[in-house]
Amino acid sequence: MSQSPDFNRVARPYDFISRLVFGNALVESQVSLLNHIPENSHILIVGGGTGWILEEISKIQSAGLNIVYVEVSNKMISLSRKRDVGQNIVHFIHQDIEAYRSEKLFDIIITPFFFDLFTKSDVSKLFLHIHKMLKPNGLWLYTDFVPQKYQTRFWQKMLLKSMYLFFGILSSVEARTLVNMDDYFEKDYTTIVEKWFFGKFIRSNVYQKR
Ligand SMILES: C[S@@+](CC[C@H](N)C(=O)[O-])C[C@H]1O[C@@H](n2cnc3c(N)ncnc32)[C@H](O)[C@@H]1O
């Protein structure tokens with residue numbers, strides 16, 4: 001797989017910049033799925049960024065969850081460690097998800113704005129690797145920008161181009177276009193929930209593994 005993106009340089013201002021551009025949409029789109037987490041779940045979060053999602057999860061379920069938080073950026077992970085996670089147990093793993101192995105399968109996997117960073121060949125490897133760690137009937141909470149075929153507006157295409165330019169320069173993101181993740185989920189997953197945000201530029205799904 002090619003080198004992971006490097007979000008260290010943008011870790012501190014990341015939430016500020018993303019809220020400047022998207023308002024509350026990035027938060028709302030992710031939070032909208034969290035009520036699907038059953039009690040006492042074993043959860044994998046991949047690329048959680050500054051970790052605000054841990055606080056949002058603990059507002060809904062303040063105890064009983066066992067969360068593995070895999071984040072490749074050391075700055076992002078140190079910001080995440082400062083979050084109030086309630087009585088939930090969080091294992092912070094500073095590692096590329098590709099190198100992470102778990103003997104125990106997860107009930108829930110969360111990948112928010114993660115797959116948009118990668119080229120198709122990397123997405124294929126990462127998807128399969130993460131997919132194998134989810135239990136049968138487990139839920140995958142997926143939020144990301146919609147694939148090109150759904151982008152009907154000029155501003156959506158321009159915004160996407162600008163983001164790839166920005167993160168290409170500052171975070172070594174190699175992708176220049178979104179991979180259509182529908183092709184990956186279609187085979188082994190049933191869509192339980194689908195929600196759209198920010199002028200249909202962002203989509204949140206709960207997928208259940210068959
Ligand atoms: C676009 S940011 C999204 C952050 C967060 N999910 C949010 O919505 O605010 C992607 C995150 O994935 C992390 N990341 C990138 N490649 C990774 C990898 N291979 N394994 C684990 N984390 C990775 C980055 O460090 C970054 O924090």
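User: How many residues does helix H6 have, and what does it span from its first C-alpha to its last?
Analyst: In this predicted model, H6 covers residues 154-171, which is 18 residues. Its first and last C-alpha atoms are 25 Å apart, close to the 26 Å expected at 1.5 Å a residue.

User: What follows H6?
Analyst: Serine 172, with a positive phi near 55°. Serine 172 has that positive value although it is not a glycine. It sits in the loop between H6 and helix H7, residues 182-188.

User: What about phi of lysine 200?
Analyst: Phi there is near 60°, again positive in a residue other than glycine. Lysine 200 is in the loop between strand S6 (189-197) and S7. Lysine 200 also counts as partly exposed, with 13 C-beta neighbours inside 10 Å.

User: Switching to the whole chain. How many helices and strands are there?
Analyst: The chain has 7 helices and 7 strands. Read from the N terminus, the order is α-α-β-α-β-α-β-β-α-β-α-α-β-β.

User: Why call it as compact as a globular protein of that length?
Analyst: Because the radius of gyration is 16 Å, close to the 17 Å that the globule rule gives for 210 residues. Along the principal axes, the C-alpha atoms fill a box of roughly 45 × 35 × 30 Å.

User: Which residues have the most contacts inside the largest nonpolar core?
Analyst: Ile43, Leu44, Ile45, Ile108, Ile109, Trp140 and Leu141, in a core of 38 residues. Elements giving two or more residues to this core include strand S1 (42-46), helix H3 (52-60), strand S4 (106-112) and strand S7 (202-209). The largest share, 5 residues, comes from S5. As a general matter, nonpolar side chains in soluble globular proteins tend to be buried together.

User: Take leucine 141. What is it in contact with, beyond its neighbours in sequence?
Analyst: Leaving aside anything within four places in sequence, leucine 141 is in contact with Leu33, His36, Ile108, Ile110 and Val206.

User: And aspartate 116, buried or exposed?
Analyst: Aspartate 116 is buried, with 20 other C-beta atoms within 10 Å.

User: Which residues is aspartate 116 in contact with?
Analyst: Asp144, Phe145 and Leu178, with neighbours within four places in sequence left out.

User: How far is aspartate 116 from phenylalanine 197?
Analyst: The two are 81 residues apart in sequence and 16 Å apart in space, C-alpha to C-alpha.

User: Last topic, the ligand. How many residues surround it, and which are closest?
Analyst: There are 20 residues around the ligand, and the closest are Phe7, Gly47, Gly49, Ser73 and Ile97.

User: How does that shell divide into nonpolar, polar and charged?
Analyst: The shell has 12 nonpolar residues, 5 polar and 3 charged.

Conventions. Residues are numbered from 1 along each chain as its sequence is written. This is a predicted model: local features need pLDDT of at least 70, side-chain atom pairs count only at pLDDT 80 or more; totals for chains, interfaces and linings use all residues. A residue is near a molecule or strand if its C-beta atom, placed from the backbone, lies within 6 Å of it. Ala, Val, Leu, Ile, Met, Phe, Trp, Tyr, Cys and Pro count as nonpolar, Asp, Glu, Lys and Arg as charged, and the others, Gly among them, as polar. Helices (H or I, at least four residues) and strands (E, at least two) are DSSP runs, numbered from the N terminus. The expected span of a helix is 1.5 Å times one less than its number of residues. A nonpolar core is a set of buried Ala, Val, Leu, Ile, Met, Phe, Trp, Tyr and Cys residues joined through C-beta atoms within 7 Å. A residue is buried if 20 or more other C-beta atoms lie within 10 Å of its own, exposed if 12 or fewer, and partly exposed in between; C-beta atoms are placed from the backbone. Two residues are in contact if their C-beta atoms, placed from the backbone, lie within 7 Å. The radius of gyration is taken over C-alpha atoms; the globule rule is 2.2 Å times the number of residues to the power 0.38.
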